[in-house]
Amino acid sequence: GKWKIYLGMSMNYSWPVCRLIIAGLAWSLRDWHWHLRCISALVAVGAVILFWLPESPRWLVARGRMDEAKQILSDASKKNGKPVEPEQIILTEPSSKGSQGSFFDILRHPTLRLHVLIMYFNWFTTAFIMYGLALSWQSLTGGLFLNFIIGTILDFPAKTLAMLLVQNVGRKYPYMVGSTITGVMFLLTLFIERDVYPSNWPIVVLALIGNFTTTMCFAILYMYTGELMPTTVRAAGVGSSSLVSKIGGTLSTTVAALADIHPAIPTIIFATMAIISGAITIFVPETMGRKMPETIDDVERTQCCGKTEAKPKEPWMEPQEKKGLGLHLSPSAVSLG
């Protein structure tokens with residue numbers, strides 16, 4: 001629903017907010033020791049507050065931990081002003097096969113493996129470009145703090161646009177268009193001579209547009225990847241994708257060294273990777289308005305370019321009669337709202 005999109009996508013704003021905090025710390029605390037202490041303290045607070053975050057009922061049901069899922073749903077219903085006791089909640093337990101899943105299952109199944117490998121490339125590309133630009137920001141405009149803040153401020157409208165597109169258009173095509181625009185912007189910079197215009201403003205503008213669309217794509221990837229993964233391996237799929245993005249961010253430190261060889265090398269790499277990323281996403285299905293997959297078998301029914309095979313109706317899909325105040329839920333119907 002829309003609230004899943006609003007809440008899920010709004011978490012992306014934590015990135016620019018924290019970047020502004022870091023800029024303020026770097027400006028006021030010129031001793032890097034104190035800078036790192038403050039950042040570490042924020043991380044420690046985040047780790048502690050996770051204690052009060054409940055486990056996902058959908059994941060618990062997929063794992064067969066029905067009592068825990070019922071208790072969490074009951075607690076949520078009471079907080080929402082519609083109290084339902086755990087004994088009144090009826091959940092459909094998945095088969096033993098459907099409740100199992102690991103990272104290796106992702107690579108074992110052809111369709112899911114294709115989706116994940118494409119997502120790996122997309123995460124790697126967006127992180128490589130984002131961090132590569134961030135590390136080159138000073139050379140673009142001449143001021144470290146000013147450029148860092150400019151890039152951070154651009155994050156807010158980019159993530160807002162991503163939220164609106166995800167809500168009204170979808171995930172697949174906004175990502176494809178955004179990634180392609182990023183590549184085109186970098187290609188255009190190759191045809192503009194340097195040190196001809198004041199502060200190289202045409203190159204700066206094109207780079208800012210590329211940064212904007214890349215940031216938008218990165219925000220889309222979080223929700224898109226999670227919706228592609230079946231419940232049993234969703235954490236492994238999104239977590240491993242995030243790990244791949246960190247590799248891209250680490251390798252982006254080589255951008256400056258490549259620019260010393262020839263200024264056009266980083267630009268060509270950025271443009272090529274962004275265009276390829278947008279093109280290969282055609283082989284990944286759109287997830288807007290579709291039920292999130294519960295098991296790997298659900299993903300395997302999805303054919304190339306997102307077409308779905310006919311699926312036999314599951315028993316829990318039949319209309320069920322409510323008895324009293326009880327909740328009759330299948331795994332896909334589990335929510336906290």
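The model is predicted. The patch covers about 610 Å². Inside, the largest nonpolar core has 40 residues, and a second, separate core has 9.

**Surface patch**
- Val177, Ile181, Val196, Tyr197, Trp201, Val205 and Ile209 make up the nonpolar patch.
- Two elements give two or more residues each: helix H9 (172-189) and helix H10 (201-228).
- Val196 sits in the loop between H9 and H10.

- In soluble globular proteins, nonpolar side chains tend to be buried together.
- Within the largest core, Met9, Leu112, Met119 and Ile220 touch the most other members.
- Helices H1 (2-10), H7 (110-141), H8 (144-168), H9, H10, H13 (264-280) and H14 (296-300) each supply at least two residues of this core.
- H7 gives the most to this core, with 11 residues.
- The second core is separate, and its residues include Ile72, Val84, Ile89 and Leu91.

**Contacts of Leu112**
- Residues up to four places away in sequence are not counted here.

**Helix H11**
- H11 spans residues 234-251, 18 residues in total.
- From first C-alpha to last, H11 reaches 26 Å, close to the 26 Å expected at 1.5 Å a residue.
- Buried positions in H11 include the glycines Gly237, Gly248 and Gly249.
- Ser240, Ser241, Ser242 and Ser245 are buried in H11 too.
- Arg234 and Val244 of H11 are also buried.

Technical notes. Residues are numbered from 1 along each chain as its sequence is written. This is a predicted model: local features need pLDDT of at least 70, side-chain atom pairs count only at pLDDT 80 or more; totals for chains, interfaces and linings use all residues. Side-chain values use heavy atoms; hydrogens and water are left out. Helices (H or I, at least four residues) and strands (E, at least two) are DSSP runs, numbered from the N terminus. The expected span of a helix is 1.5 Å times one less than its number of residues. Buried means under 20% relative accessible area, exposed over 50%, partly exposed in between (1.4 Å probe, protein chains only). Patches are made of residues with over 30% relative accessible area and no salt bridge: like charges are joined within 9 Å, nonpolar side chains (Val, Leu, Ile, Met, Phe, Trp, Tyr) within 5 Å. Accessible areas come from the Shrake-Rupley method with a 1.4 Å probe; for residues, only the protein chains shown count as cover. A salt bridge is a side-chain nitrogen of Lys or Arg within 4 Å of a carboxyl oxygen of Asp or Glu. A nonpolar core is a set of buried Ala, Val, Leu, Ile, Met, Phe, Trp, Tyr and Cys residues joined through side-chain atoms within 4.5 Å. Contact means heavy atoms within 4.5 Å.
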